[in-house]
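Biologist: I'd like to learn how to read ring and strand features in a model. Could we go through them one by one?

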Amino acid sequence: MKRVLILLILNFSLSILHSSPAQSAALERLRVGYPSPSANFYPLFATKEANLFEKYGFEPEMIYVQGVQLIAVQVAGQLDFSSVSGLVFLQASVEGSDLILLASSNDSQPMKLMVHSGITGPKDLRGKTVAVTRFGSLTDLLLRPVLKNWGLEPQKDVNLLQIGRLPDMVLAIAQKKVDGGVISFPNSLQAEKMGVKTLLDFADSGLDIPSTTVVASRKYANSHREIVLRFLKAYIEGTRRLLTDKELGIRALRKYGGVNDRELLTTTYDLFTTRYTKKVPKINPKTVETALNLLAEGNPKAKGRKAEEFMDTSFMDELESTGFINAVWK
């Protein structure tokens with residue numbers, strides 16, 4: 001009995017010696033939110049799929065909260081970080097929420113205003129119905145100024161209808177239950193296969209605004225600087241894995257995007273890794289300023305506000321100055 005006890009103690013000691021730091025130390029719980037299964041959030045999906053949060057000492061919980069509701073959950077302190085559209089984040093911030101922009105992976109808008117075959121141009125939208133996911137969501141914020149530029153007043157000349165899920169929106173347009181909708185990848189590719197056509201590609205509109213960002217509360221970022229730096233390290237490495245490991249990228253989008261069609265997955269991966277996703281998710285203040293100007297068209301509280309009020313570049317600057325970013329991309 002004594003010999004058995006000694007062997008058990010020896011085996012336990014050896015297991016500790018040979019365990020990795022992540023195994024021997026308790027991982028820190030991390031709650032990360034995202035508002036859509038869209039490929040816009042590819043860098044986050046790839047980071048999780050590559051187990052890079054665990055590498056930096058986290059036990060991540062990926063939390064899907066649809067559309068603009070994500071911001072309310074983040075503001076309530078139920079999330080540590082969120083990946084969300086810059087427009088949606090800024091809309092809440094100009095209203096007084098304590099959120100700060102930490103990183104930006106994409107400064108263009110990979111979304112489309114898509115319509116059924118009976119719509120030939122903007123003028124045909126008068127008296128018609130166009131779908132958004134939720135009022136106040138990115139789809140809604142992008143659509144309203146476009147309609148106004150076409151001389152169409154939202155909810156007067158064009159009826160806006162909330163349809164929560166993008167797959168449901170695609171089906172509604174294809175079946176002509178609504179006349180159009182604002183759709184992101186890869187759902188827009190599915191829409192094209194169903195005969196739905198593009199009326200406006202926001203990526204070609206010259207509207208450079210942050211569409212894939214990382215945000216946290218200002219209070220959390222200030223009091224948890226070391227955690228924010230570790231999160232961004234994982235995210236930067238995850239971005240590199242996304243851009244250099246096609247199979248991992250496709251696997252991540254299949255899991256979190258809910259798409260099983262290999263052709264759609266491959267097309268989406270190629271598009272996002274060559275056209276949209278930045279190698280280094282540094283914030284471009286000019287794009288934040290553009291987003292504020294766009295919001296100011298419908299919200300007086302955004303007028304005259306400066307990009308610097310809503311962003312903290314010190315974290316990414318530190319990772320660059322210490323050589324971390326260069327080391328990742330060696």
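Modeller: Let's start with a charge over a ring (Lys NZ or Arg CZ within 6 Å of the ring centre and within 35 degrees of the ring normal). Here R240 has its charged end over the ring of W329, 6.0 Å from the centre. This is a predicted model, where local features need pLDDT of at least 70 and side-chain atom pairs pLDDT 80 or more, while totals for chains, interfaces and linings use all residues. Residues are numbered from 1 along each chain as its sequence is written, and side-chain values use heavy atoms, leaving out hydrogens and water.

Biologist: And how far is K279 from the ring centre of W329?

Modeller: K279 lies over the face of W329 at 4.4 Å from that centre.

Biologist: How many aromatic pairs does a search of the whole structure find?

Modeller: Two values describe such a pair: the distance of the centres and the angle of the planes. Phe, Tyr and Trp rings (six-membered ring for Trp) pair with centres within 6.5 Å; planes under 30 degrees apart are stacked, over 60 edge-to-face, the rest tilted. The search turns up eleven of these pairs. One of them, Y42 with Y269, is edge-to-face, with 6.2 Å between centres and 85° between planes. Y42 belongs to helix α3 (residues 42-49) and Y269 to helix α13 (residues 262-276), so this pair ties together parts 227 residues apart in sequence.

Biologist: Are Y42 and Y269 buried or exposed?

Modeller: Buried means under 20% relative accessible area, exposed over 50%, partly exposed in between (1.4 Å probe, protein chains only). Both Y42 and Y269 are buried. Now take F81 and F231: that pair is stacked, at 4.0 Å centre to centre and 10° between the planes. Since F81 sits in strand β3 (residues 81-84) and F231 in helix α11 (residues 225-244), the pair ties together parts 150 residues apart in sequence. F81 and F231 are buried too. Ring pairs also link F81 and F231 with F53, Y220 and Y235 into a cluster.

Biologist: Now the sheet: in what order do the five strands come?

Modeller: Helices (H or I, at least four residues) and strands (E, at least two) are DSSP runs, numbered from the N terminus; two strands pair if DSSP finds at least two bridges between them. The order is β7-β6-β8-β5-β9, in an open sheet with mixed pairing. At its edges are β7 (159-162) and β9 (197-201), each pairing on one side only.

Biologist: How many bridges join β5 to β9?

Modeller: Four, and strand β5 (residues 111-115) runs antiparallel to β9. For instance, V115 has K197 of β9 as its bridge partner.
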